[in-house]
There are 2 protein chains.
Amino acid sequence: MKLIPLLVLLLIGTAGAQARDQAPAIAIHGGAGTMDPASLTPEIQASVEEALTAALTAGYGVLEDGGSALDGVVAAIVTLEDSPWFNAGRGAVFTHDGRNELDASLMDGHTLAAGAVGGVRLVKNPILLARRVMENSPHVLLTGDGALEFALREGIETRPPEYFHTDRRWRQLIDARNRKQASLPPAYRMGTVGAVALDARGRLAAGTSTGGMTNKRWGRLGDTPIIGAGTYASDVAGCAVSATGHGEYFIRAAVAHDICARAEYGGQSVAEAAGFVIRERLVEMGGTGGVISIDGDGRIAMPFNTSGMYRGAVTTDGEMQVAIYQTPGRE
Amino acid sequence: MKLIPLLVLLLIGTAGAQARDQAPAIAIHGGAGTMDPASLTPEIQASVEEALTAALTAGYGVLEDGGSALDGVVAAIVTLEDSPWFNAGRGAVFTHDGRNELDASLMDGHTLAAGAVGGVRLVKNPILLARRVMENSPHVLLTGDGALEFALREGIETRPPEYFHTDRRWRQLIDARNRKQASLPPAYRMGTVGAVALDARGRLAAGTSTGGMTNKRWGRLGDTPIIGAGTYASDVAGCAVSATGHGEYFIRAAVAHDICARAEYGGQSVAEAAGFVIRERLVEMGGTGGVISIDGDGRIAMPFNTSGMYRGAVTTDGEMQVAIYQTPGRE
């Protein structure tokens, strides 16, 4: 007799939590920059596209199985961190001192919970550490050796320095040491990875991971570990954003939060706001890069003001797309 | 003959740059928290009020002499950092390891230039280092030992560890080590200082400086070094904000940028937006603290959701005020 009301209550509870029967969607990026079809060989392009496809498959797979936007974002980013083709995790750029110092951040739009790490060494997947900061610490942002100490205490997977080494990034460091840091080609500070997603319950999430800028020093942090600059997500605003580009400009313009704020308070769509911030506001300031964004209905935008951005998406109708260069006539 | 056009040009140039004949204004804070008239002895209260008055006098003096909002903000914050009564510079709280790790950020609303440092040791005035990062590096945010290395290279003044020591903060550390970090009294993570100003040319600036949270570890950074969370300024938005409070909540809500965005896109006044974010949005999230804000006409607001906030202002009519507790009926 007492079981029936309880069951009804449970069913109502479940129905309430899954009230929205939303078709999920996900978008990812692997960095924006000057991409020259001449230097990007067909073999490299195929490898990059394969890695983007694998990340989308991993992230969308989670969402299709009823997983959360947060889990989908993390699954996609882990795949990109594990690929040597992007400036995150394995394949990260080198600091002035020849090390790999990694930044990442993650935000759950449903709860506004967030976690981030800056300048952490030896952690295989910084996005998993950012998640652990969010879930197992009272903090949002941990940095440097302290972040590594927290990672070890939490049993987060680490790797020796050589795991992160790629010859391509090492050559970029040698080259960068012979130039003025401010005049580095955009490719030397690009390659950041990120993901945004909407799950079947209508929840949003965003995450970003990077090795930062080649030849960086003095414990420099860019926009990637900064909630509001490189990453932001809010179900109430109906907006999730992950950024990639010249981090200093993205911090000063608070890019990720600004896009969500223009949508929430200014009446623009998230796609319009993302396009305006990247193509007008940042261009005025002199900042290069791009973002991926998704709104509460799963509409994706991927604007950038460089010649290319490694990117991909699975839209609400289940269609997967991967692209590198500007595609005139469509977003 | 050629001198006359040049002189005319110079005069026009000067007039153009000083086109607005704005009465300057400044506001400062020395932290928000649970302030109990019983434990705050009349002697301590007098000392705190004296320090606040000295900071206002220094900052407003710069503005009265035609100095920039940026210079006014820095002058006020240096005074507060040098006082042992606030959790910034001398008098900063101790980390879990018994050290003083300092955070600061600074933003020029006129140019949107910004500089910040996180977790830096031994620097007498972190706000001066943040300014140097803004002016002499291609970066916005430097952290840890790297930030100290940059400071030494730039000839920024340092002090030995004992300079930063105060018995009061040491006792807080001993006490905090015996508690769970998450349950620390608000006083243990409060005391951050900051300033916002409008100068005679209508330019805005904001800055913030802190020792962070007593017993912090793992390289934790709060909102103070985060442009968009603890500090934001934009002449175009007509808004400058400096925050103090439980930093993790201020990062997740992107408090300083959110107040400016609500004013710029949402049609609220800066004062209304500041009040809403502190008294409604943060209260909903569970975040305690306050902000000081100023708009393009010099209107100041100093809302907080705690029992008190050390604060003070010189308004556009030249009137100086200093306060600690809630003052019913006025902002």
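Me: A salt bridge is a side-chain nitrogen of Lys or Arg within 4 Å of a carboxyl oxygen of Asp or Glu; what makes B:Glu154 and B:Arg132 such a pair?
Reply: In this predicted model, the closest N and O atoms of B:Glu154 and B:Arg132 are 3.3 Å apart, and because the cut-off is 4 Å, the pair counts as a salt bridge. The pair links distant parts of the chain, with B:Glu154 in the loop between helix H5 (144-153) and helix H6 (161-164) of chain B and B:Arg132 in helix H4 of chain B, 22 residues apart.

Me: Why is A:Arg131 called buried, and why is A:Glu135 called partly exposed?
Reply: Buried means under 20% relative accessible area, and A:Arg131, with 18%, is therefore buried; A:Glu135 has 44%, which lies between the 20% and 50% limits, so the term partly exposed applies.

Me: How do you know that A:Glu135 and A:Arg131 are separated by about one helical turn?
Reply: Both belong to helix H4 (residues 126-136) of chain A and are 4 residues apart, which is why the separation is given as about one helical turn.

Me: What makes the two copies related as by a two-fold rotation axis?
Reply: Chain B is superposed on chain A by a rotation of 180 degrees with 0.0 Å of shift along its axis, at an RMSD of 0.0 Å, and the copies are thus related as by a two-fold rotation axis.

How values were computed. Residues numbered from 1 in each chain as written. Chains lettered and ligands numbered in written order. Predicted model: local features only at pLDDT ≥ 70, side-chain atom pairs only at ≥ 80, totals over all residues. Heavy atoms only, no water. Least-squares fit on C-alpha atoms with pLDDT ≥ 70 in both. Helix = DSSP H or I, 4+ residues; strand = E, 2+ residues; numbered from the N terminus. Buried < 20%, exposed > 50% of the residue type's maximum accessible area, 1.4 Å probe, protein only.
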